[in-house]
Amino acid sequence: MNSSLKILCAGGLLAMTSLITKPAMADEWNKRTEFTFNESVEIPGSVLTPGKYVFEIATSDSNRNVVLVYSEGSKGKESLIATLMAIPAQASEIPDRAIVQFEERPAGSPEAIHSWFYPGEKTGWEFVYPNS
């Protein structure tokens with residue numbers, strides 16, 4: 001009976017360990033990426049003033065093309081500022097760090113973020129802007 005209890009405890013410990021390690025993969029799943037912009041940049045429907053921002057994929061098993069954009073305040077608190085639709089985009093090379101690609105805008109307008117790529121992945125997300 002003592003060995004059965006040890007096996008049961010070992011199985012429970014193993015199960016708990018697998019539950020504890022899952023959150024460590026959160027950045028891989030939601031592609032959480034932090035950016036600091038020194039100048040204003042445009043995203044669909046908004047202009048981001050200079051500062052720190054977090055981009056991540058919304059938690060969904062069925063739709064991996066919704067991007068959440070958070071602003072990060074001076075005390076590190078994050079506030080959701082945009083929920084954006086995106087379409088898959090392909091990079092010409094696999095980036096070794098997170099990157100954003102910009103598209104031109106008229107003089108005097110902030111550059112617009114065209115796409116965002118997570119490190120080590122050739123597929124990223126292209127933001128969908130309304131036709132003007």
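Predicted model: local features only at pLDDT ≥ 70, side-chain atom pairs only at ≥ 80, totals over all residues.
Is K31 buried or exposed? K31 is buried, with a relative accessible area of 10%.

**Stop 1**

E121 is partly exposed, at 23% relative accessible area.

**Stop 2: R32 and E56**

Now pick R32 and E56. Their side chains form a salt bridge of 3.3 Å, N to O. R32 lies in the loop between helix 2 and strand 1, E56 in strand 4, 24 residues away. E56 is buried at 11%, while R32 is partly exposed at 24%.

**Stop 3: R105 and E103**

Here the closest N and O atoms are 2.8 Å apart in another salt bridge. R105 is partly exposed at 27%, and so is E103 at 23%. The whole structure has five salt bridges.

**Stop 4: the core**

Select F37, F55, V67, V69, I113, W116 and F127. These have the most contacts inside the largest nonpolar core, which has 21 residues. Strands supplying at least two core residues each include strand 4 (51–57), strand 5 (66–72) and strand 6 (78–90). Zoom in on V69: it touches I43, Y53, F55 and L80, among others. A separate second core has five residues, including V54, A58, L68 and Y70.

**Stop 5: the surface**

Finish with M85, I87 and V128, which make a nonpolar surface patch of about 260 Å². M85 is in strand 6 and is partly exposed, at 48% relative accessibility.

Notes
Residues numbered from 1 in each chain as written. Heavy atoms only, no water. Core = buried A, V, L, I, M, F, W, Y, C linked by side-chain atoms within 4.5 Å. Buried < 20%, exposed > 50% of the residue type's maximum accessible area, 1.4 Å probe, protein only. Helix = DSSP H or I, 4+ residues; strand = E, 2+ residues; numbered from the N terminus. Contact = heavy atoms within 4.5 Å. Patch = residues over 30% accessible without salt bridge, like charges linked within 9 Å, V, L, I, M, F, W, Y side chains within 5 Å. Areas by Shrake-Rupley, 256 points an atom, 1.4 Å probe, with all protein chains shown as cover. Salt bridge = Lys/Arg side-chain N within 4 Å of Asp/Glu carboxyl O. Lists of a residue's contacts leave out its neighbours within four places in sequence.
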